[in-house]
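Please look through the following briefing alongside the sequence and the 3D view.

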Amino acid sequence: MTLGLRKAHKFSWVLIAIAGIVFLFFTIQQLNFQPQESSKTNENEQIKISMSNHQVEVIVKSSLKTSSSVVYAVNSNGERGEALGQVGAVGIYTFNTSNPIQGIVIVDQIKDVELTKLNF
Amino acid sequence: MGLDYKYIIWNKYKKSYDKIIALGMILYIVLFAAITLVFNSETSTETLVIRSFGSLAIVMLHIILIIGPLSRLNNRFLPILYNRRHLGVSMFIAALVHGGFSLFQFHALGNENPFYSLFTSNMQYDSLSNFPFQVLGFLALLILFVMASTSHDFFLGNLSAKVWKRLHMMVYLAYALLIGHVFLGNFQQETSLFTIGFMLLGFIAITGLHIVAAFQESKTDNTKLEETEGWLKVCEVDEIEEDRAKIFTVGNERVAVFKYDGKLSAIHNVCKHQGGPLGEGKIIDGCITCPWHGYQYLPGNGQSPPPFTEKVATYELKLEGSTVYINPEAFEEGTEVKPVNC
């Protein structure tokens, strides 16, 4: 190798070593090592819901038979809160939420009809 | 060498190495699948493919990156360096299988364009621990693609050794991206202490060896030769092994002084092919042979034997008693210089 390439190699690896250590330090610092909160679950004949660490999992057990099924959070007042997302066919759906929620309500958005509601 | 274009120049050593690479890859995949199915029989085929090929690519990348400094520190590793490019292309194929299956499994089954989905499904670009790690893997895969597709000597010849080498140093950036990809993926998904431990040890070994080798090289670069009336004192003639060389820094250039058949000759230490250290090679069939890929030069004039056309600069030597001196002014590449009898 030429002198320039040797210097470039040396600079690259010193940089990678420093950046790697800084990256690992700050990443590990941001990780949450607290024990995870136990998940809360509930279910009815159509859906099963569970929540842990600000993540809501909705398992659709039988088809909701509507063209638009929007999942809303139920807030601490028991009212319809933020929209979390949509569900459709049978399957597992996961949504993130930043606020504490009491449950979920699934709404036919076109007819504005509550299809099902579940609290934790 | 530089005579004409051939798709791949095969020889029995390359074929043997390639067989070892292929068998090693197959063995790894089979073992990975068997161990996974024993400990987690519910693993889907897609997940198995993604994880086995992803981890294979990471292991291969570690081997590739560790070959360079190991060869600098101990020339017994040079034979592995000889076939590093094929290992690199094989690693890219493993990474492509991992990336392709991941893109399909996680981003191609929805309504969005999978590439759009890759960049937008997780928008936490302002978080370090929740950063979208798949994006880092995708960027690394793009770099590996550029490297694999330009790995042939055709591109080396057309881009020049300097540009090609700098282009292929992007593997370091790919490695940095993959560290982020694997660590963040591990932290965000299921935490595997084995994976984190492997990556940490690999990171320490690779960066440590590269830095040790780089500082050793700097030491050689900074060693100044004693000057006497325009000549630099190199060493005692007995310090050079027969058919081998000693390497010295003359100005900003490295020069290799070879001893062979009772004679001494000096040439520029940098091979025209990929910048290999000619002084770490030996004289085979009367030619200085580069330890990296076997390119050859005649010691008396720095020219590759006909019909090849590569040539390197030559230097004038003189012997006073048993002490070797070199004229620091290089001759034009390929200039005939009468060897010094010793």
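What percentage of the 120 residues in chain A is made up of buried residues? Buried residues make up 37% of the 120 residues in chain A, where buried means under 20% relative accessible area, exposed means over 50% and partly exposed lies in between, with a 1.4 Å probe and protein chains only. This is a predicted model, in which local features need pLDDT of at least 70 and side-chain atom pairs count only at pLDDT 80 or more, while totals for chains, interfaces and linings use all residues. Residues are numbered from 1 along each chain as its sequence is written, chains are lettered from A and ligands numbered from 1 in the order in which they are written, and side-chain values use heavy atoms, with hydrogens and water left out.

- Chain A has one helix and eight strands, which follow the pattern α-β-β-β-β-β-β-β-β along the sequence; helices (H or I, at least four residues) and strands (E, at least two) are DSSP runs numbered from the N terminus.
- The radius of gyration of chain A is 23 Å, whereas a compact globule of 120 residues would have one near 14 Å; the radius is taken over C-alpha atoms, and the globule rule is 2.2 Å times the number of residues to the power 0.38.
- Taken along the principal axes, the box filled by the C-alpha atoms of chain A is roughly 75 × 30 × 20 Å.
- Among the contacts in chain A with a separation of 6 or more, 51% are between residues 24 or more positions apart, a contact being heavy atoms within 4.5 Å.

**A:Gly85 in its strand**

- A:Gly85 lies in strand E5 of chain A, which covers residues 80–87, and, leaving aside neighbours within four places in sequence, A:Gly85 is in contact with A:Ser69, A:Val70, A:Val71 and A:Phe95.
- Between A:Gly85 and A:Lys7 there are 78 residues of sequence separation and 53 Å in space, C-alpha to C-alpha.

**Where chain A meets chain B**

- The contact involves 23 residues from chain A and 30 residues from chain B.
- About 2,500 Å² is buried between the two chains, with carbon and sulfur atoms giving 78% of that area; buried area is the accessible area (1.4 Å probe) that two parts lose on being put together, summed over both.
- One salt bridge is found across this interface, and B:Asp221 forms a salt bridge with A:Arg6, with the closest N and O atoms 2.9 Å apart; the rule asks for a side-chain nitrogen of Lys or Arg within 4 Å of a carboxyl oxygen of Asp or Glu.

**Salt bridges over all chains**

- Over all chains, the count comes to nine salt bridges.
- One of these joins the side chains of A:Arg80 and A:Asp112 at 3.6 Å, N to O; because A:Arg80 lies in strand E5 and A:Asp112 in the loop between strand E7 (103–108) and strand E8 (113–119), the pair ties together parts of chain A that are 32 residues apart in sequence.
- A:Arg80 is partly exposed, with a relative accessible area of 38%.
- In chain B, B:Arg72 and B:Glu280 form a salt bridge with their closest N and O atoms 3.4 Å apart, and B:Arg72 counts as buried at 17% relative accessibility.
- B:Lys246 forms a salt bridge with B:Glu239, also listed with closest N and O atoms 3.4 Å apart, and B:Lys246 counts as partly exposed at 27% relative accessibility.
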